[in-house]
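Please open the model in your viewer and keep the selection tool at hand. The stops below go from the whole chain to one ligand site.

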Amino acid sequence: MTSKRNIFFPIPIIVALLQLQIINNVIGEPQVPCYFIFGDSLVDNGNNNRLVTAAKANYPPYGIDFPQGVTGRFTNGLTVADVIGQLLGFPDFIPPYATASNNEISRGVNYGSGGAGIRAESGRNLGDRISLSRQLVNHEAVVSRLSLLQRNRTFTNEQIKKCIYIVNMGSNDYINNYFMPNNYPSSRIYTPDQYATLLIRQYSKQLTTLYRLGARKIAVFGLGFIGCAPAEIAIFGTDGKSCVESINNVTKLFNDKLKPLVDDLNNGLSDARFTFINITSISTPQGGVALPNVPCCQVRSDGQCTPNSIPCSNRLLSVWYDGFHPTEITNRFLASVSYNALSPTDASPYDISQLAKL
Ligand SMILES: *[C@@H]1O[C@H](CO)[C@@H](O)[C@H](O)[C@H]1NC(C)=O
Ligand SMILES: *[C@@H]1O[C@H](CO)[C@@H](O)[C@H](O)[C@H]1NC(C)=O
Ligand SMILES: *[C@@H]1O[C@H](CO)[C@@H](O)[C@H](O)[C@H]1NC(C)=O
């Protein structure tokens, strides 16, 4: 099934959604008081810049299309988290935890860290990173700071219940763990199904912690087609297909368990509004045009852009920016459909626009 999957690109839909986004921005006031972001390099906006790690994007040609240039974002322009923030009506980008000031944190914080995973050890091969459990510790500190600053715990608790939280985790538990048998023993210890179960069990505890810290409206992103990432294709080969089918088959097990986890959390935690964003569904819309799985920038052996290299000029027609990360145009499409689902399988039970209104 997954063998023919690719990222498809319905350009007219993208144009329509970009217009929608502009209208949204003109209206001005954000739809929710704040927006908190948890995840890995798909959302990191500078938290890794001062860490000792190979997972950094604070050099050109990253940021070539971003208003402020290089920031640490692992793409040419906006991340999926940035675009969702715009769609929610936030006039400014949510600041990285590493540099967020007291004045900024009431609008939200981005805890994302390249190389990070659900499991603490994932991404260790790259260097330091802020695992999901550590991101939650950072969030606890931010909530305490907020209650001190706002001098009214009831007010703070009421505010943070209304906010949107997104969690985009799990890719590194595969890319920089399970599929790296020379660095990690996980694939020898666990079958793909056992490993997915283990990840989901840990993720369940972490998402419950986020709920206990006051979050109620939480969008949990499933994994994309990791087997279609150019860097994974370069390592594993595709056997004539457009993607590494065996990888997509293994990561599907995680997604198939994540959706029921979201349902369980909604049933088990009072007032909880978790939703599952199905990135593989969003990546394969009806009537799209298949684009090749090749990077836009020149990549190093680790799949990241070669510093100061010249990227492709047709970045609006390229799915991937480097060996692992989508271009801004892909991020715009993924974010727009997460926000306003096009099909019932894209987001369930809510898309992000519905989550904001609840
Ligand atoms: C604290 O916030 C709550 C909820 O917004 C409000 O009803 C209450 O009056 C506030 N208390 C003080 C002392 O300002
Ligand atoms: C992946 O899963 C599909 C559908 O179950 C199956 O037909 C295919 O043989 C699998 N491919 C690999 C390489 O495991
Ligand atoms: C994601 O959407 C696809 C349809 O596009 C569907 O086949 C798959 O079951 C969905 N995944 C989950 C976990 O719901």
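The tour starts with the chain and then moves to ligand 3.

This is a predicted model, in which local features need pLDDT of at least 70, side-chain atom pairs count only at pLDDT 80 or more, and totals for chains, interfaces and linings use all residues. Residues are numbered from 1 along each chain as its sequence is written, chains are lettered from A and ligands numbered from 1 in the order in which they are written, and side-chain values use heavy atoms, with hydrogens and water left out.

Switch to the C-alpha trace, which spans about 60 × 45 × 40 Å along its principal axes. Of the 358 residues, 59% count as buried, meaning under 20% relative accessible area with a 1.4 Å probe and protein chains only.

Next, select ligand 3 and the residues around it: N255, D256, K259, F276, N278, T280, S281 and T345 (a heavy atom within 4 Å). Which helix gives the largest share of this shell? That is α9, with three residues. Colour α9 (245-268) and α10 (279-282), as each supplies at least two shell residues.

Now show side chains. A polar side-chain atom of N278 lies 2.3 Å from an oxygen atom of ligand 3. For S281, a polar side-chain atom is 3.4 Å from a ligand 3 oxygen atom.

Notes
A polar contact is a pair of N or O atoms within 3.5 Å; within protein, one must be able to donate a hydrogen and the other to accept it, and residues adjacent in sequence count only if both atoms are side-chain atoms. Helices (H or I, at least four residues) and strands (E, at least two) are DSSP runs, numbered from the N terminus. Buried means under 20% relative accessible area, exposed over 50%, partly exposed in between (1.4 Å probe, protein chains only).
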